2 protein chains.
Amino acid sequence: MEYQEAKEKFISTWGSLGSMWGINKAMAQIQSLLFISTKPLSMEEIMEELKISRGNTSMNLRQLMDWGIVSKELVPGERKEYFTTEKDVQELARHIAKERSRREIKPVIKVLKDVSSIKDDGTAKTKELIKQTKALHDLAETADAMMNKIVTQEQNWITKSLLKLLK
Amino acid sequence: MEYQEAKEKFISTWGSLGSMWGINKAMAQIQSLLFISTKPLSMEEIMEELKISRGNTSMNLRQLMDWGIVSKELVPGERKEYFTTEKDVQELARHIAKERSRREIKPVIKVLKDVSSIKDDGTAKTKELIKQTKALHDLAETADAMMNKIVTQEQNWITKSLLKLLK
DNA sequence: CTAAACTTTCAATAATTATTGAAAGTTTAG
DNA sequence: CTAAACTTTCAATAATTATTGAAAGTTTAG
(Lines give C-alpha, C1' and ligand atoms only; values in the text may rest on other atoms or scores of the structure.)
Protein backbone atom coordinates (compact mmCIF):
# COMPACT_ATOMS: atom_id res chain seq x y z
CA MET A 1 0.00 0.00 0.00
CA GLU A 2 1.35 3.38 -1.00
CA TYR A 3 1.08 6.67 0.82
CA GLN A 4 -1.84 8.02 -1.17
CA GLU A 5 -3.90 4.87 -0.84
CA ALA A 6 -3.16 4.56 2.87
CA LYS A 7 -4.10 8.17 3.41
CA GLU A 8 -7.41 7.79 1.61
CA LYS A 9 -8.20 4.61 3.46
CA PHE A 10 -7.50 6.22 6.77
CA ILE A 11 -9.62 9.27 6.02
CA SER A 12 -12.57 7.33 4.78
CA THR A 13 -12.50 4.78 7.59
CA TRP A 14 -12.11 7.36 10.27
CA GLY A 15 -14.79 9.41 8.56
CA SER A 16 -17.38 6.67 8.51
CA LEU A 17 -16.52 6.06 12.14
CA GLY A 18 -17.63 9.56 13.02
CA SER A 19 -21.11 8.34 13.73
CA MET A 20 -19.71 6.34 16.63
CA TRP A 21 -18.86 9.51 18.44
CA GLY A 22 -21.79 11.52 17.16
CA ILE A 23 -20.05 13.50 14.47
CA ASN A 24 -20.84 13.69 10.79
CA LYS A 25 -18.76 12.37 7.95
CA ALA A 26 -17.33 15.62 6.66
CA MET A 27 -16.43 16.71 10.16
CA ALA A 28 -14.61 13.48 10.88
CA GLN A 29 -12.83 13.58 7.55
CA ILE A 30 -11.59 17.10 8.03
CA GLN A 31 -10.25 16.14 11.41
CA SER A 32 -8.54 13.06 9.95
CA LEU A 33 -6.95 15.08 7.24
CA LEU A 34 -5.55 17.57 9.71
CA PHE A 35 -4.48 14.78 12.02
CA ILE A 36 -2.04 13.34 9.50
CA SER A 37 -1.03 16.58 7.88
CA THR A 38 2.48 17.82 8.52
CA LYS A 39 1.37 21.43 8.45
CA PRO A 40 -1.72 23.59 9.07
CA LEU A 41 -4.16 23.60 6.17
CA SER A 42 -6.27 26.38 4.71
CA MET A 43 -9.92 26.08 3.81
CA GLU A 44 -8.97 25.90 0.13
CA GLU A 45 -6.67 22.98 0.72
CA ILE A 46 -9.23 21.08 2.76
CA MET A 47 -11.96 21.66 0.15
CA GLU A 48 -9.72 20.41 -2.56
CA GLU A 49 -8.42 17.33 -0.76
CA LEU A 50 -11.84 16.16 0.36
CA LYS A 51 -13.81 17.47 -2.60
CA ILE A 52 -16.35 19.27 -0.50
CA SER A 53 -17.84 22.72 -0.89
CA ARG A 54 -16.71 25.86 0.79
CA GLY A 55 -19.85 26.13 2.88
CA ASN A 56 -19.55 22.60 4.10
CA THR A 57 -15.93 23.08 5.03
CA SER A 58 -16.65 26.27 6.87
CA MET A 59 -19.52 24.82 8.89
CA ASN A 60 -17.70 21.68 9.85
CA LEU A 61 -14.55 23.48 10.83
CA ARG A 62 -16.62 25.61 13.14
CA GLN A 63 -18.11 22.53 14.73
CA LEU A 64 -14.71 20.98 15.20
CA MET A 65 -13.62 24.14 16.92
CA ASP A 66 -16.71 23.98 19.13
CA TRP A 67 -15.66 20.49 20.09
CA GLY A 68 -12.29 21.93 20.98
CA ILE A 69 -10.27 19.60 18.77
CA VAL A 70 -9.39 21.96 15.94
CA SER A 71 -7.99 25.43 16.19
CA LYS A 72 -7.10 28.33 13.96
CA GLU A 73 -3.49 28.99 13.31
CA LEU A 74 -2.44 32.36 11.99
CA VAL A 75 0.36 32.25 9.51
CA PRO A 76 2.21 35.56 9.59
CA GLY A 77 1.96 37.50 6.38
CA GLU A 78 -1.00 35.44 5.20
CA ARG A 79 -4.55 36.63 4.90
CA LYS A 80 -6.09 33.14 4.96
CA GLU A 81 -6.83 31.22 8.09
CA TYR A 82 -5.08 27.94 8.68
CA PHE A 83 -6.27 25.05 10.80
CA THR A 84 -4.68 22.40 12.94
CA THR A 85 -6.07 19.62 15.10
CA GLU A 86 -4.87 18.33 18.41
CA LYS A 87 -2.11 15.95 17.48
CA ASP A 88 -1.77 14.05 20.71
CA VAL A 89 -4.16 11.10 20.76
CA GLN A 90 -4.44 11.17 24.52
CA GLU A 91 -5.54 14.78 24.52
CA LEU A 92 -7.85 14.12 21.61
CA ALA A 93 -9.50 11.26 23.45
CA ARG A 94 -9.86 13.42 26.53
CA HIS A 95 -11.63 16.18 24.63
CA ILE A 96 -13.92 13.83 22.79
CA ALA A 97 -14.84 11.91 25.90
CA LYS A 98 -15.54 15.11 27.79
CA GLU A 99 -17.72 16.57 25.07
CA ARG A 100 -19.68 13.38 24.54
CA SER A 101 -20.30 13.11 28.21
CA ARG A 102 -21.49 16.68 28.41
CA ARG A 103 -23.63 16.66 25.28
CA GLU A 104 -25.12 13.22 25.28
CA ILE A 105 -24.52 11.13 28.36
CA LYS A 106 -25.22 13.66 31.08
CA PRO A 107 -28.64 14.65 29.66
CA VAL A 108 -29.64 11.01 29.40
CA ILE A 109 -28.58 10.37 32.98
CA LYS A 110 -30.76 13.28 34.00
CA VAL A 111 -33.80 11.83 32.25
CA LEU A 112 -33.17 8.43 33.78
CA LYS A 113 -32.99 10.02 37.19
CA ASP A 114 -36.27 11.86 36.67
CA VAL A 115 -38.06 8.86 35.30
CA SER A 116 -36.86 6.58 38.05
CA SER A 117 -38.05 9.07 40.67
CA ILE A 118 -41.75 8.99 39.88
CA LYS A 119 -43.90 8.11 42.82
CA ASP A 120 -44.50 4.44 43.38
CA ASP A 121 -48.24 3.90 43.06
CA GLY A 122 -47.87 0.27 44.01
CA THR A 123 -48.73 -1.24 40.63
CA ALA A 124 -46.45 -3.85 39.13
CA LYS A 125 -45.78 -1.85 35.99
CA THR A 126 -44.76 1.26 37.92
CA LYS A 127 -42.49 -0.82 40.13
CA GLU A 128 -40.89 -2.36 37.05
CA LEU A 129 -40.35 1.00 35.38
CA ILE A 130 -38.72 2.39 38.51
CA LYS A 131 -36.55 -0.65 39.06
CA GLN A 132 -35.30 -0.87 35.50
CA THR A 133 -34.66 2.81 34.92
CA LYS A 134 -32.87 3.01 38.26
CA ALA A 135 -30.61 0.16 37.22
CA LEU A 136 -29.86 1.88 33.92
CA HIS A 137 -29.24 5.12 35.71
CA ASP A 138 -26.66 3.54 37.97
CA LEU A 139 -24.99 1.80 35.07
CA ALA A 140 -24.87 4.96 32.97
CA GLU A 141 -23.43 6.98 35.82
CA THR A 142 -20.77 4.42 36.57
CA ALA A 143 -19.81 4.06 32.94
CA ASP A 144 -19.64 7.81 32.46
CA ALA A 145 -17.52 8.28 35.55
CA MET A 146 -15.13 5.52 34.60
CA MET A 147 -14.73 6.77 31.09
CA ASN A 148 -13.88 10.23 32.28
CA LYS A 149 -11.51 9.10 34.95
CA ILE A 150 -9.64 6.76 32.70
CA VAL A 151 -9.26 9.23 29.92
CA THR A 152 -8.31 12.06 32.23
CA GLN A 153 -5.42 10.30 33.93
CA GLU A 154 -1.86 10.53 33.02
CA GLN A 155 -2.47 7.42 31.06
CA ASN A 156 0.58 5.35 31.06
CA TRP A 157 1.08 3.85 34.46
CA ILE A 158 -2.53 3.65 35.42
CA THR A 159 -3.78 2.22 32.17
CA LYS A 160 -1.10 -0.37 32.08
CA SER A 161 -1.65 -1.48 35.63
CA LEU A 162 -5.41 -1.55 35.17
CA LEU A 163 -5.09 -3.67 32.11
CA LYS A 164 -2.85 -6.06 33.97
CA LEU A 165 -5.28 -6.15 36.86
CA LEU A 166 -8.18 -6.87 34.57
CA LYS A 167 -6.58 -9.57 32.47
CA MET B 1 -44.82 12.78 36.61
CA GLU B 2 -47.23 9.93 36.14
CA TYR B 3 -46.56 6.44 34.89
CA GLN B 4 -47.62 7.04 31.30
CA GLU B 5 -45.59 10.21 30.92
CA ALA B 6 -42.53 8.65 32.53
CA LYS B 7 -42.82 5.65 30.27
CA GLU B 8 -43.05 7.75 27.13
CA LYS B 9 -40.16 9.91 28.21
CA PHE B 10 -38.03 6.88 28.88
CA ILE B 11 -38.83 5.26 25.56
CA SER B 12 -38.23 8.36 23.51
CA THR B 13 -35.00 9.29 25.30
CA TRP B 14 -33.59 5.83 25.12
CA GLY B 15 -34.74 5.65 21.51
CA SER B 16 -32.96 8.77 20.41
CA LEU B 17 -29.91 7.48 22.22
CA GLY B 18 -29.82 4.46 19.96
CA SER B 19 -27.53 6.27 17.56
CA MET B 20 -24.89 6.30 20.29
CA TRP B 21 -24.55 2.58 20.10
CA GLY B 22 -25.24 2.29 16.38
CA ILE B 23 -28.86 1.26 16.49
CA ASN B 24 -31.84 2.88 14.87
CA LYS B 25 -34.70 4.59 16.62
CA ALA B 26 -37.35 1.94 16.22
CA MET B 27 -34.96 -0.76 17.32
CA ALA B 28 -34.00 1.12 20.45
CA GLN B 29 -37.62 1.93 21.24
CA ILE B 30 -38.74 -1.66 20.92
CA GLN B 31 -35.98 -2.70 23.27
CA SER B 32 -36.95 0.03 25.74
CA LEU B 33 -40.55 -1.01 25.69
CA LEU B 34 -39.66 -4.62 26.40
CA PHE B 35 -37.20 -3.56 29.03
CA ILE B 36 -39.85 -1.99 31.23
CA SER B 37 -42.64 -4.38 30.38
CA THR B 38 -43.78 -6.78 33.07
CA LYS B 39 -44.54 -9.47 30.53
CA PRO B 40 -43.52 -10.63 27.05
CA LEU B 41 -45.14 -8.64 24.25
CA SER B 42 -46.51 -9.75 20.90
CA MET B 43 -45.85 -7.99 17.64
CA GLU B 44 -49.37 -6.55 17.71
CA GLU B 45 -48.79 -5.03 21.12
CA ILE B 46 -45.47 -3.51 20.12
CA MET B 47 -46.92 -2.05 16.92
CA GLU B 48 -49.73 -0.49 18.81
CA GLU B 49 -47.69 0.96 21.65
CA LEU B 50 -45.08 2.50 19.39
CA LYS B 51 -47.35 3.26 16.44
CA ILE B 52 -45.11 1.59 13.93
CA SER B 53 -45.94 -0.71 11.07
CA ARG B 54 -45.88 -4.46 11.10
CA GLY B 55 -42.97 -4.66 8.69
CA ASN B 56 -40.91 -2.24 10.72
CA THR B 57 -41.60 -4.15 13.91
CA SER B 58 -40.70 -7.44 12.33
CA MET B 59 -37.41 -6.19 10.88
CA ASN B 60 -36.28 -4.48 14.02
CA LEU B 61 -37.15 -7.40 16.24
CA ARG B 62 -35.00 -9.56 14.04
CA GLN B 63 -32.11 -7.16 14.38
CA LEU B 64 -32.50 -7.08 18.13
CA MET B 65 -32.36 -10.85 18.13
CA ASP B 66 -29.22 -10.72 15.98
CA TRP B 67 -27.70 -8.47 18.61
CA GLY B 68 -28.62 -11.11 21.14
CA ILE B 69 -30.59 -8.80 23.41
CA VAL B 70 -34.13 -9.84 22.54
CA SER B 71 -35.52 -13.34 22.36
CA LYS B 72 -38.69 -15.11 21.40
CA GLU B 73 -40.82 -16.50 24.16
CA LEU B 74 -43.40 -19.10 23.32
CA VAL B 75 -46.59 -18.78 25.28
CA PRO B 76 -48.22 -22.21 25.52
CA GLY B 77 -51.54 -22.39 23.74
CA GLU B 78 -50.84 -19.22 21.78
CA ARG B 79 -50.14 -19.03 18.10
CA LYS B 80 -48.45 -15.63 18.24
CA GLU B 81 -44.82 -15.12 19.10
CA TYR B 82 -43.95 -13.11 22.16
CA PHE B 83 -40.75 -11.21 22.82
CA THR B 84 -38.64 -10.36 25.83
CA THR B 85 -35.39 -8.50 26.27
CA GLU B 86 -32.53 -9.21 28.60
CA LYS B 87 -33.65 -7.61 31.84
CA ASP B 88 -30.34 -7.50 33.65
CA VAL B 89 -28.49 -4.28 32.83
CA GLN B 90 -25.13 -5.86 33.38
CA GLU B 91 -25.84 -8.60 30.87
CA LEU B 92 -27.31 -6.08 28.49
CA ALA B 93 -24.20 -3.94 28.67
CA ARG B 94 -22.04 -7.00 28.10
CA HIS B 95 -23.92 -7.97 24.97
CA ILE B 96 -23.93 -4.49 23.55
CA ALA B 97 -20.27 -3.90 24.25
CA LYS B 98 -19.34 -7.21 22.68
CA GLU B 99 -21.37 -6.61 19.54
CA ARG B 100 -20.12 -3.10 19.08
CA SER B 101 -16.59 -4.22 19.46
CA ARG B 102 -17.07 -6.99 16.93
CA ARG B 103 -19.01 -4.95 14.38
CA GLU B 104 -17.39 -1.57 14.55
CA ILE B 105 -14.27 -1.31 16.64
CA LYS B 106 -12.38 -4.41 15.55
CA PRO B 107 -12.70 -3.58 11.82
CA VAL B 108 -11.42 -0.07 12.45
CA ILE B 109 -8.49 -1.40 14.43
CA LYS B 110 -7.67 -3.64 11.51
CA VAL B 111 -7.62 -0.71 9.09
CA LEU B 112 -5.46 1.33 11.44
CA LYS B 113 -3.04 -1.54 11.68
CA ASP B 114 -2.84 -1.87 7.89
CA VAL B 115 -2.45 1.84 7.32
CA SER B 116 0.22 2.21 9.95
CA SER B 117 2.18 -0.65 8.42
CA ILE B 118 2.89 0.89 5.03
CA LYS B 119 6.53 1.05 4.17
CA ASP B 120 8.36 4.11 5.37
CA ASP B 121 9.65 5.86 2.26
CA GLY B 122 11.45 8.41 4.37
CA THR B 123 9.27 11.41 3.48
CA ALA B 124 7.92 13.57 6.26
CA LYS B 125 4.30 13.01 5.32
CA THR B 126 4.66 9.24 5.30
CA LYS B 127 6.39 9.35 8.65
CA GLU B 128 3.59 11.48 10.04
CA LEU B 129 0.88 9.17 8.70
CA ILE B 130 2.59 6.15 10.22
CA LYS B 131 3.20 7.83 13.55
CA GLN B 132 -0.31 9.16 13.96
CA THR B 133 -2.19 6.09 12.81
CA LYS B 134 0.01 3.93 15.01
CA ALA B 135 -0.86 6.09 17.99
CA LEU B 136 -4.57 5.82 17.17
CA HIS B 137 -4.22 2.11 16.72
CA ASP B 138 -2.72 1.67 20.14
CA LEU B 139 -5.34 3.87 21.73
CA ALA B 140 -8.19 2.06 20.02
CA GLU B 141 -6.85 -1.31 21.02
CA THR B 142 -6.40 -0.32 24.61
CA ALA B 143 -9.83 1.26 24.83
CA ASP B 144 -11.47 -1.76 23.24
CA ALA B 145 -9.68 -4.17 25.56
CA MET B 146 -10.56 -2.14 28.64
CA MET B 147 -14.19 -1.83 27.69
CA ASN B 148 -14.51 -5.52 27.17
CA LYS B 149 -12.70 -6.47 30.31
CA ILE B 150 -14.63 -4.11 32.48
CA VAL B 151 -17.98 -5.09 31.15
CA THR B 152 -17.21 -8.78 31.23
CA GLN B 153 -16.25 -8.97 34.86
CA GLU B 154 -18.47 -9.90 37.70
CA GLN B 155 -18.99 -6.22 38.09
CA ASN B 156 -19.48 -5.43 41.68
CA TRP B 157 -16.22 -5.77 43.50
CA ILE B 158 -14.00 -4.89 40.64
CA THR B 159 -15.95 -1.88 39.45
CA LYS B 160 -16.18 -0.46 42.89
CA SER B 161 -12.52 -0.90 43.65
CA LEU B 162 -11.54 0.52 40.28
CA LEU B 163 -13.66 3.54 40.80
CA LYS B 164 -12.11 4.11 44.18
CA LEU B 165 -8.66 3.67 42.72
CA LEU B 166 -9.39 6.18 40.00
CA LYS B 167 -10.97 8.86 42.10
C1' DC C 1 -12.76 54.92 3.10
C1' DT C 2 -12.62 51.35 -0.68
C1' DA C 3 -12.07 47.25 -2.71
C1' DA C 4 -10.07 42.90 -2.67
C1' DA C 5 -9.64 38.69 -0.13
C1' DC C 6 -11.44 36.11 2.47
C1' DT C 7 -15.43 33.52 5.63
C1' DT C 8 -20.18 32.61 6.97
C1' DT C 9 -25.01 31.91 6.35
C1' DC C 10 -28.91 29.70 4.66
C1' DA C 11 -32.52 28.30 1.25
C1' DA C 12 -32.64 24.90 -2.18
C1' DT C 13 -31.47 20.35 -3.31
C1' DA C 14 -29.29 16.00 -3.12
C1' DA C 15 -28.16 11.86 -0.63
C1' DT C 16 -29.11 8.75 2.83
C1' DT C 17 -31.82 6.23 5.91
C1' DA C 18 -36.18 4.67 7.94
C1' DT C 19 -40.89 3.32 7.30
C1' DT C 20 -44.92 1.59 5.19
C1' DG C 21 -48.04 -1.83 3.64
C1' DA C 22 -49.37 -5.20 0.48
C1' DA C 23 -47.92 -9.49 -1.41
C1' DA C 24 -45.52 -13.63 -0.57
C1' DG C 25 -44.13 -16.91 2.66
C1' DT C 26 -44.61 -20.01 6.74
C1' DT C 27 -46.68 -22.57 10.33
C1' DT C 28 -50.15 -25.16 12.56
C1' DA C 29 -55.01 -26.53 13.93
C1' DG C 30 -58.28 -29.38 12.47
C1' DC D 1 -54.38 -31.36 2.73
C1' DT D 2 -56.61 -26.68 3.54
C1' DA D 3 -57.31 -22.51 5.33
C1' DA D 4 -56.65 -19.45 8.95
C1' DA D 5 -53.29 -17.08 11.65
C1' DC D 6 -49.56 -15.48 11.74
C1' DT D 7 -44.48 -13.42 10.03
C1' DT D 8 -41.27 -11.79 6.54
C1' DT D 9 -39.79 -9.49 2.47
C1' DC D 10 -39.11 -5.69 -0.37
C1' DA D 11 -40.31 -1.95 -3.71
C1' DA D 12 -42.22 2.44 -3.13
C1' DT D 13 -42.27 6.43 -0.43
C1' DA D 14 -41.56 9.42 3.37
C1' DA D 15 -38.54 11.53 6.69
C1' DT D 16 -34.22 12.98 7.96
C1' DT D 17 -29.72 14.65 7.34
C1' DA D 18 -25.85 16.45 4.64
C1' DT D 19 -24.28 19.30 0.95
C1' DT D 20 -24.08 22.91 -2.30
C1' DG D 21 -23.24 27.45 -3.91
C1' DA D 22 -24.50 32.08 -4.32
C1' DA D 23 -25.40 36.08 -1.63
C1' DA D 24 -24.30 38.49 2.44
C1' DG D 25 -20.98 39.51 5.80
C1' DT D 26 -16.30 40.57 7.63
C1' DT D 27 -11.59 41.85 7.71
C1' DT D 28 -7.57 44.18 6.30
C1' DA D 29 -4.16 46.26 2.92
C1' DG D 30 -3.35 50.34 0.95
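Here are some questions and answers about a predicted model of protein chains with DNA strand D. Residues are numbered from 1 along each chain as its sequence is written, and chains are lettered from A in the order in which they are written. Local features need pLDDT of at least 70, side-chain atom pairs count only at pLDDT 80 or more, and totals for chains, interfaces and linings use all residues, while side-chain values use heavy atoms, without hydrogens and water.

Q: How many residues surround DNA strand D?
A: A residue is near a strand if one of its heavy atoms lies within 4 Å of it. The closest include Ser53(A), Arg79(A) and Ser58(B). In total, the residues that surround DNA strand D number 17.

Q: Which residue has a polar backbone atom 2.7 Å from a phosphate oxygen of DNA strand D?
A: A polar contact is a pair of N or O atoms within 3.5 Å. The backbone atom at 2.7 Å belongs to Ser53(A).

Q: Which helix gives the most to the surface near DNA strand D?
A: Helices here are DSSP runs (H or I, at least four residues), numbered from the N terminus. Helix 4 (54-66) of chain A and helix 4 (54-66) of chain B each supply at least two residues. The top contributor, with 5 residues, is helix 4 of chain B.

Notes. Polar contact = N/O pair within 3.5 Å; in protein donor to acceptor, adjacent residues only side chain to side chain.
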